[in-house]
2 protein chains.
Amino acid sequence: MKRVRFAGDTCPIARSLDEIGDWWTLLIVRNALAGTRRFSEFQQQLGISKNILTARLEKLVEAGVFEMRPDPAGSRHREYHLTDKGMRLRMILLALRQWGEDELFDNGEEMTILADRRDGKPLGKLQIRSHDGRALEEADTLLTVGKKAAMADTRTG
Amino acid sequence: MKRVRFAGDTCPIARSLDEIGDWWTLLIVRNALAGTRRFSEFQQQLGISKNILTARLEKLVEAGVFEMRPDPAGSRHREYHLTDKGMRLRMILLALRQWGEDELFDNGEEMTILADRRDGKPLGKLQIRSHDGRALEEADTLLTVGKKAAMADTRTG
């Protein structure tokens, strides 16, 4: 079954979903951020079939989210390392994490927690802010159309 | 084909993906945040089949992401309104948007932009921060296990 493709869409959300928007992909990236590098480790941790994992990793290497490297210990196993592009997915994972924490767990339920290594406390909540730091509600925002360069200029200006 | 379920997983990311982690769901929510309310509008805007849209909306009403309301104009059409739980998905959509902007568009390419209504400028970049506002890199974080209430206490304290 072929699904609709959004790779050429003008909406960045649609393009992102086209590239990384399936359950397994984001769980693979989650485990890679936690240090997993080998095919067999991903397979074991996620309980994912060999076929699906192979297909997902191939697609993610092609997309530049992972790169393959030889095992530094010299075995013939390859390692999968997140690229900078792949590392930047951590923001999406944190947003998914915080929504899940707030909406899908009961008080007292056991959960994994992403903590600050320095003081062991959970991270702060992500906040939607204007370019100059004002907190924004949904009603304060407006969807427009523009070009990427103009946007980058505004951000760094 | 039945996929693996993560609804009982201790990882909030896995639970979130279980509930809202498919392409259509997040695009439906995106359009709802932009003001879409009627079945026929969602269908037309997204080019989605009636069957898939029906199934997704039913699941999302059941999950408490949308609620159905009568048409205020009195027609027999029902409207789909985001609940507070559904509105809070905007953080995930913004994270997807910003990653897509940075990684999947060339300079000069046309894109939709989420702007501040007050000054028309694109929103600020989401930032990963500690509970007391320090910017954190991946290496500054640590994955632990805890209970939800303890976490809430830490955040408000």
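**Figure 1. Contact between chain A and chain B.** In this predicted model, 76 residues of chain A are in contact with 77 residues of chain B, contact meaning that C-beta atoms, placed from the backbone, lie within 7 Å. Two or more residues each come from helices H1 (12-20), H2 (23-33), H5 (84-87), H6 (90-104) and H7 (148-156) and from strands E3 (110-116) and E4 (141-147) of chain A. Helices (H or I, at least four residues) and strands (E, at least two) are DSSP runs, numbered from the N terminus. H6(A) gives the most to this side of chain A, with 15 residues. The side of chain A that touches chain B divides into 36 nonpolar, 17 polar and 23 charged residues; Ala, Val, Leu, Ile, Met, Phe, Trp, Tyr, Cys and Pro count as nonpolar, Asp, Glu, Lys and Arg as charged, and the others, Gly among them, as polar.

Residues are numbered from 1 along each chain as its sequence is written, and chains are lettered from A and ligands numbered from 1 in the order in which they are written. Local features need pLDDT of at least 70 and side-chain atom pairs count only at pLDDT 80 or more, while totals for chains, interfaces and linings use all residues.

**Figure 2. Relation of the two copies.**

**Figure 3. The largest nonpolar core.** This core has 64 residues, and those with the most contacts inside it are A:Ile92, A:Ala95, B:Ile92 and B:Ala95. A nonpolar core is a set of buried Ala, Val, Leu, Ile, Met, Phe, Trp, Tyr and Cys residues joined through C-beta atoms within 7 Å; buried means 20 or more other C-beta atoms within 10 Å, exposed 12 or fewer, and partly exposed in between. Leaving aside neighbours within four places in sequence, B:Ile92 is in contact with A:Ala95, A:Leu96 and A:Trp99.

**Figure 4. Strand pairing between E3(A) and E4(B).** The two strands pair in the antiparallel sense over seven bridges, at least two DSSP bridges being required for a pair. A:Met111 has B:Gly146 as its bridge partner in E4(B).

**Figure 5. Helix H1 of chain A.** Eight of the nine residues of H1(A) are buried, among them A:Arg15 and A:Glu19. Their cover includes H2 of chain A and, from chain B, H2, H6 and E3.

How values were computed: Two residues are in contact if their C-beta atoms, placed from the backbone, lie within 7 Å.
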